[in-house]
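This report looks at charged side chains and how they pair. The sequence and the model come first.

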Amino acid sequence: MMRRPKRTDNGGPPLDDYEGPPWGKGDAYIFLAWQAAHAKAWKAPGRDVMLMRLDKAERLGLTYEEYTLELLERGRHLQEEDAERIAEIRRARRRRRVNLSD
């Protein structure tokens, strides 16, 4: 005889199968340090900074996220003279689109 589901049961599989810590089997300190660094790096900047980055990104033909990621990774603002790097970012964008549509 089948059990009657609980009133709050949606009939699907459990959402959280993993019962261990969020850092898995690795070092908790490293996990938490990276988590804090990620949150700090992607914290929303001030309005003026965001608008400046958006303006520069649009002039270079990049998205705000692409421009900001380049700034965070390389530590420098892209200029028109960085045409080779900008083209490389655009090619990577096309590859991501192709991979997402597969």
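What separates Asp55 and Arg59 in helix H2?

## The pair in helix H2

The model is predicted. In it, Asp55 and Arg59 lie four residues apart in helix H2, which covers residues 47-60, so about one helical turn separates them. Their side chains meet in a salt bridge, with a distance of 3.3 Å from N to O. Asp55 has a relative accessible area of 38% and is partly exposed, because this value falls between the cut-offs of 20% for buried and 50% for exposed.

Side chains of opposite charge can pair when their charged atoms come close.

## Asp82 and Arg76

Asp82 and Arg76 also form a salt bridge through their side chains, at 3.3 Å from N to O. Are the two partners buried or partly exposed? Asp82 is buried, at 14% relative accessibility, because buried means under 20%. Arg76, at 43% relative accessibility, is partly exposed.

## Arg47 and Asp48

A salt bridge joins Arg47 to Asp48, and their closest N and O atoms are 3.9 Å apart. The cut-off for a salt bridge is within 4 Å, so this pair counts as one. Arg47 and Asp48 are both exposed.

## The network and the total

Which residues are linked in a network of salt bridges? The members are Glu70, Arg74, Arg85 and Glu88. The structure has seven salt bridges, including the one between Asp55 and Arg59 and the one between Asp82 and Arg76.

Key:
Residues are numbered from 1 along each chain as its sequence is written. This is a predicted model: local features need pLDDT of at least 70, side-chain atom pairs count only at pLDDT 80 or more; totals for chains, interfaces and linings use all residues. Side-chain values use heavy atoms; hydrogens and water are left out. Buried means under 20% relative accessible area, exposed over 50%, partly exposed in between (1.4 Å probe, protein chains only). Helices (H or I, at least four residues) and strands (E, at least two) are DSSP runs, numbered from the N terminus.
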